[in-house]
Amino acid sequence: MEQKTVTAAEMQAYDKYTIETIGLPSAVLMERAALSVVDTMAAGDFDLSRVLVVVGVGNNGGDGLAIARILHLKGITAEVLLLGDEKNLSPANQQQLSIARKYNVKIGRNVRDFRDYSVIVDALFGIGLSHDISGKLTEAVKKINASNQPVIAVDIPSGLDATTGKILGSAIRANTTVTFGYVKTGLTIGDASKRVGTVIVKDIGIYAPEI
C-alpha cells in the first residue's frame, strides 16, 4: 500500500469508518496496535530487562495498558505508570485497565527515577491532543526526557500536534515512534524532527473509505 500522510482529523475519520461502517471492533484494533508495538520492541535493539509503560486516560493509554499486559504475559518485567484521574478513563482504557489488573500487571501512580528502567513506552497522549500539556503531566514529560532512557512512542510522541508538528507545551523525545495505519502529517513537519526518532508504520486494519 502506498504510504500517505494524514491529519489527525482524517485519521480519526478513518478510525470511525473502520469501526462503525466496516464493523471491526475497536478492541480488536487496540489489540493489534499493542501487538505491533510489542513486535517492534522484540525485533529492535531494545533492552527489555525492565520496561515502563507511561499511560494517560484516553485510548492511547489503553494501547499502553495492552502493551504492558502482553509484555507481562511474555515474562518481561513491565510496569505501568498511570497518570491522570481514573474517573476520566475512556471506556476502552477502562476495559484495558481491568484486564491488566486481572493479569496482575504492576500499575503505579508514581516513579522515583525513570533511569531505573531499560526502556520507556510513551502512551500518555495520542493524536487527539489539541491543547498544551500542563501541570504534573509536563513534569512527567520533562523527567522522561531528562532520563535519557530509550523511549518508544505509541502512535505519536505525547505533546506533539499530529497535524502541525507543533509542540503543545512540552513533548516526549522518542527514539522510535510506532504509528498506526498512516504517517500523521505532524510526524513530518514543524518540531517533529526533534521528537519522533525513527518512524515505523504498522498496518493494524484501519483504512480510508476509498480503499
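Student: How much space lies in the largest pocket?

Tutor: In this predicted model, about 680 Å³ of space lies in the largest pocket. Of the 32 residues that line this pocket, the closest to its centre are Asp 15, Asn 59, Asn 60, Asp 63 and Ile 127.

Student: What makes a residue count as part of that lining?

Tutor: A lining residue has an atom within 4 Å of a point of the pocket, and 32 residues line the largest pocket. By class, they divide into 17 nonpolar, 11 polar and 4 charged.

Student: Which helices each supply at least two residues of the lining of the largest pocket, and which element gives the most?

Tutor: The helices α1 (8–22), α2 (26–43), α3 (59–73) and α4 (91–102) each supply at least two residues, and α2 gives the most, with 5 residues.

Student: Why is α3 called roughly parallel to α4?

Tutor: The two helices pack at an angle of about 20 degrees, with their axes 8 Å apart. Because angles under 35 degrees count as roughly parallel, the value of about 20 degrees makes α3 roughly parallel to α4. As for handedness, α3 passes α4 in a left-handed crossing.

Student: How do you know that α3 and α4 are in contact, and which residues make the contact?

Tutor: Contact means heavy atoms within 4.5 Å, and on the α3 side the contact is made by Asn 59, Gly 61, Gly 62, Leu 65, Ala 66 and Arg 69. On the α4 side, the contact is made by Ala 92, Asn 93, Gln 96, Leu 97, Ile 99 and Ala 100. By class, this contact has 6 nonpolar, 5 polar and 1 charged residues.

Student: Why is α2 called oblique to α3?

Tutor: Here the helices pack at an angle of about 55 degrees, with their axes 8 Å apart. Roughly parallel needs an angle under 35 degrees, and roughly perpendicular runs from 65 to 115, so the angle of about 55 degrees makes α2 oblique to α3. The crossing of α2 and α3 is right-handed.

Student: Which residues of α2 and α3 meet, and how do they divide by class?

Tutor: From α2, Met 30, Glu 31, Ala 33, Ala 34, Leu 35, Val 37, Val 38 and Met 41 take part, and they meet Asn 59, Gly 62, Asp 63, Ala 66, Ile 67, Arg 69, Ile 70 and Leu 71 of α3. By class, the contact of α2 with α3 has 11 nonpolar, 2 polar and 3 charged residues.

Student: What is the volume of the second largest pocket, and which residues are the closest to its centre?

Tutor: About 310 Å³ of space lies in the second largest pocket, and of its 13 lining residues the closest to the centre are Leu 83, Arg 109, Asn 110, Lys 136 and Ala 140. The elements that give two or more residues to this lining are β3 (78–82) and α5 (135–147), and α5 gives the most, with 5 residues.

Definitions and conventions: Residues numbered from 1 in each chain as written. Predicted model: local features only at pLDDT ≥ 70, side-chain atom pairs only at ≥ 80, totals over all residues. Heavy atoms only, no water. 1 Å grid on protein atoms, 1.4 Å probe; cavity = no way out; pocket = protein on both sides within 12 Å on 5 of 7 lines; lining within 4 Å. Points joined across faces, edges and corners; volume = space filled by probe spheres on them. Helix = DSSP H or I, 4+ residues; strand = E, 2+ residues; numbered from the N terminus. Nonpolar A, V, L, I, M, F, W, Y, C, P; charged D, E, K, R; others polar. Axes fitted to C-alpha atoms, helices over the stretch in contact; angles between N-to-C directions. Parallel < 35°, antiparallel > 145°, perpendicular 65-115°, else oblique. Left-handed = near helix turned anticlockwise from the far one by under 90°.
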